[in-house]
Structures are given as structure tokens and as C-alpha cells.
Amino acid sequence: MNKKLNRLRRQAVSWAALVPMALVVIAGLGTALWSLKISFSSSRTFPADDFIGFAQYARLLDNDRWLLSLQNLAVYGVLFILAALVIGFLLAVFIDQKIKGEGVLRTIFLYPYAMSFVATGLVWQWMLNPEVGIQQTVRQLGYPDFKFDWIIDQDRVIYTIVIATVWQASGLVMALLLAGLRGIDEEIWKAARIDGIPPWRVYFSIVLPMLAPSFATAFVLLFTAVVKLFDSVVSMTQGGPGIASEVPAKFIMDHLFGRANIALASAGSIMMLLTVLVLVAPYFYARTRSAGRKQPS
Amino acid sequence: MSATAVHAHRRQRRHLTPARIGIYFFLLSAAAFFLMPLYIMLVTSVKTMDEIQLGNIFALPADFTIEPWETAWSSACTGVECNGIRGGFFNSVAIAIPSTIFPILLGAMNGYALSFWKPRGANLLFALLMMGAFIPVQVMMFPLVRIMATLGLFGSLPGIVLIHIVFSMPVMTLLFRNYYASIPQELFNAARIDGGGFFRIFIQLMLPMSTPIIIVAAIMQVTGVWNDYILGLVFAGRENLPMTVQLNNVINTTTGVRLYNVNMAATILTSLVPLTIYFVSGRWFVRGIAAGAVKG
């Protein structure tokens, strides 16, 4: 049979198999462009075809609720990522000390990650509720002045969401870093012991830098969770008290479906997209470069 | 990975030194903190409301009752209706089964085509797909609602399944592409020489070899779809609301006295499926996390 024709046929079948993937890519890029177009229009409930430039973005930057959402997300993001990385790292290092019951402990630290943010948010809402939760319990134990009412405190409510989600996500960091730790060459430990370097120094100066790829993976996972932050807020505080725990994802959803202002919501979503791209693009670039050389497992 | 070999040497001293007591103290305190919410959920769900009003969330139940569980399952109010969250359970099952099977099949086919057939331009397509995984879902939300409405699928079971297929494709494709990259190309070439076509090699050779990665993918998809809130909220429609959405409705829309015991029972019921999968699957679950690290 003609060799060229054969190769063409071979290409055709495999191309046909990739049609669903092509459709998904087109849908992803297409919808993003569509949102971009809406963000430059004056659309309210229905998309309008006009072009009003950056007016929606200007309104967004003048919107107190949006600005508070951004501020909350920044505070939340920094605290959540730092706390989850530190706690996850400590758990991984301590679990890596040839301890008894490693399997049980690992299971305990990771189980919250198997649950939905809605479910865990509701549990934390109940524990942090000052009237029936931890505050009330400690008061009854003989400390009547004990106060832990952050969830109804406008200035502190965002920290309660940090606590709940760090509790949920630290196990994930632990699992990733533990895999990284187990991949480190034992010669390093031998060499360090011969040189008389204390273990904590080895962890800080040698192991920590060697775990950089695992940390990068954990960071990207945590970062995408930060941008998506929605379920936990809805189930724990519904953005309250007042608007004290509003976040961008919730602002966008509210303006898309509750407040019928799709142009403003789209402008907000495009701003989210740009933030993600700026922060994730370097990682993605590095990953595809290295994936070209050796396949990650 | 020879994890045990790597570690055999590291700690010779096995007896309890102050340092090791410190390690255990840290780990056990952490374990207590991690288990606390689960414990409080469980004990609260079997207490009477009278006992809950007394206000010690750590106390074991004095009057053990499973009534809150029955209420949560079959008569708690989710908005206007009071049929419990069992409806949500069956909706979630109906959503999760096709939303696991189709994404796995598509992901496997994509990975197979990318790893072995390598059609021209496919790698660019794959790179675009992976980039798409980072687009926040809100960016696509409104256009997708319009598209689904145009297709007549908005607020229907096939609609929400299609949405899950779309959003899971990057990670599913990545999973299978990397798995197939570890299978020798010679095996594929031999099958080609024997006259195997695209689908024949896929179905008779590759799929049967993919059991481990299919298990990992299934664990990821079932838990991911089950725990989804935002997609179900927007795209499933009132008849198909998944359990997470109904759970949130039970708890955050009730008026009058809040039945905390019922709320906690409903929360456990909603978490039961992913938790069971997690406890049964163990290391498979962790493998999925590492493999799906690019999920957006």
C-alpha cells in the first residue's frame, strides 16, 4: 500500500480521537474570550453588544466590596499558604523519624482533604459558633471570661477561614513532602553525620532546598485553592458578618446570578485570570520544559 | 522507591530519648487537633438538642439517640421541601457514576493518542489543555451557562455530567499520558505490525494494562465530583442538586431553632462516600494527589 496514504490515514484516526480534547480547548479559550468581551460591555442581565472600554474595571476598582474581597484574599492567601506549608513540612519531617504508627498518623492528617469544603466549613462554623461551640464549652469548664468569637468579629473572621482550610489542606502538603523526603539520597545523611552536622541544620540547609520541587507542587495546589476560595466561605460565613469575609470568587458569583451585573462580574473574573496567569506561568513553563526531557511519574 | 531502605540507617537509637518524646508529643497533639472536628461531629450527631443547649461540645452523649440521623436522611428541610438529604445522595450518585466513567475513557483515549500515535500538533493541543486547567471557573461560568442553555442541557443531568467531563479533562489526560509514557513503545509497535488499528490496540491492549491508573483516576473523580459544590450549584438544576448543595441548604437556610445534631448528622452523611473511599484506598488516594498536581 502507498506509504504516504497510510501515514495520512494513521494521522486521521488519531486526530479524530482527539476531537473531544480540541473541543474542550476551544470551549476553554472561547469562554474566556467571551468573558473578556462581556467585561468591556455594559451588560447587566443579558450580554450587550456595545463596547465601553475599561469602564467596568474602573467601577470595580471603585467598589468597596470588591476591594475588600481582594484584601481578604491577599491576607487569606498569604496566611493559608504559609501556615499549610509550615505545618505540612513539620508533620512530614516528624513522621519521617521512624516512628511507630506512621500509617495511622498519616491517615489522620490527610483525611480532612478527602472531605468537601462545604462539609468541613459547616463543622468549623459549628465549633467556632460562640454560643454553642468552643467558647461556650471553655466558659463552662470554669473560665467565664474566655473569648473566642472570631467568626462573628468583622476584623478577625477571615482568620477563622484560614484555620478551617489549613486544617483541611496541611495533610496534602505533608503527603507531597513526605514523598519528596523519601526520595532523598541516604548518602547525604551519612555525610552529614560524619561531618558532625546536627540534624536540624541538615534539614534547613540541605533537605529543604532539595525539596524545592515538592514545595513548588504544593504551592501551586494551594495557590489554585486560594483563587477558587468559595465553598468554605459560603458554608462558614456566607461572606459575613456584613461583608467582612467576602472573597473575589463569591463577589463574581453574586454579581453573575444574584445581582444581575454580568459585565462587572466578568471584569472581576478576568482580573482573577490575569493574577493566576502571572503567578502560575513560570511554574507551568518550567514544568513543560522538564516534562519534555523526562516524563514525570 | 526504596523508602524503607533509605531510612533503615537514619535512626539507630530506638529507645526513648527526650527528643523522641518530643516528636511523639508533637505528632499526638497534631493528631488530636486533626481528629477534633470529626469527634465533635460524631458526638454531636447522637446528642439530643436539650443536651446540646447545655453547651459542652466535647462531652460524650448522655442520651444516645440516632433520631438526628433519621431526620437528616429523610425529613430535614432543604429550603421549601422537607425530605432530608437522601434526594441529594441519589442525585450525587447519579452525577458521579457517568462523571467518572466518561472522563476516564476520554482521558485514557487522549493519553493513548498523545503517547503512541503522536499526531502532528497534538502536543500543542495538550499544552493548551493544561493551561486551560488554570483558568478560574468563574471566568467560564457565564458563557458556559449560555452554551448549555443553547444546547438545551442547562439544569439537567446530562448537562452537569458534560460540565464535569470538560473540567476533569486536563487532569485525566495528564494522568493517562504519563502512565502510557512508561509503557515501552516497542509493545505498541509490535501491535501495529500485527495489524492492530487505533481502537483495537486501545481496547484490547492498552485499557487492560491500565488497571492501576484507572483505579487512581476513579478515586480522584468520584471524590472530586462528590465534593464539588459550585458546578452542581450552577449547572445541575433544581431536580439534580448534588448532596453538597443540599447540605448547605439544610444548614444555612433554616429559620427558627437550629438543629445542630441534625446538621452534624447531615454533614457526616455527605462526607461518608469520600471518607469511605479514602480509608479503604489508602495509598492509592495519595498517588492520585501526586499525579494530579496540575489540577486547576
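## Chain A and its contact with chain B in a predicted model

Chain A and chain B meet through 84 residues of chain A and 77 residues of chain B. On the side of chain A that touches chain B, helix H2 (residues 19-39) of chain A makes the largest contribution, giving 12 residues. That side of chain A comprises 56 nonpolar, 22 polar and 6 charged residues. The model is a predicted one, and the confidence of the prediction therefore belongs with the description of chain A. The mean pLDDT of chain A is 88, and 95% of the residues reach at least 70. Within chain A, the lowest confidence falls in helix H1 (residues 3-17), with a mean of 78, whereas the highest falls in helix H4 (residues 64-95), at 95.

**Fold and dimensions of chain A**

Chain A contains 14 helices and 0 strands. Along the principal axes, the C-alpha atoms of chain A occupy a box of roughly 70 × 65 × 30 Å. Buried residues make up 43% of the 297 residues of chain A. Among the contacts in chain A with a separation of 6 or more, 69% join residues 24 or more positions apart.

**Backbone features in the loops of chain A**

Most peptide bonds are trans, and most residues other than glycine have a negative phi. The peptide bond from A:Gly240 to A:Pro241 is cis, with omega near 0 degrees. A:Pro241 belongs to the loop between helix H12 (231-236) and helix H13 (248-258) of chain A. A:Gln238 also lies in the loop between H12 and H13, and its phi is positive. Another positive phi occurs at A:Lys98, which is placed in the loop between H4 and helix H5 (102-114) of chain A. The two residues with positive phi are set out below.

| Residue | Phi | C-beta neighbours within 10 Å |
|---|---|---|
| A:Lys98 | near 50 degrees | 15 |
| A:Gln238 | near 50 degrees | 14 |

A residue counts as buried at 20 or more such neighbours and as exposed at 12 or fewer. A:Lys98 has 15 other C-beta atoms within 10 Å and is therefore partly exposed. A:Gln238 is likewise partly exposed, because it has 14 C-beta neighbours inside 10 Å.

**Domains of chain B**

Chain B is divided into domain 1 (15-65) and domain 2 (86-242 + 271-291). Taken over C-alpha atoms, the centres of domain 1 and domain 2 of chain B are separated by 37 Å.

Methods:
Residues are numbered from 1 along each chain as its sequence is written. Chains are lettered from A and ligands numbered from 1 in the order in which they are written. This is a predicted model: local features need pLDDT of at least 70, side-chain atom pairs count only at pLDDT 80 or more; totals for chains, interfaces and linings use all residues. Two residues are in contact if their C-beta atoms, placed from the backbone, lie within 7 Å. Helices (H or I, at least four residues) and strands (E, at least two) are DSSP runs, numbered from the N terminus. Ala, Val, Leu, Ile, Met, Phe, Trp, Tyr, Cys and Pro count as nonpolar, Asp, Glu, Lys and Arg as charged, and the others, Gly among them, as polar. pLDDT is the predictor's confidence in each residue, from 0 to 100. Domain bounds come from an automatic or database domain assignment.
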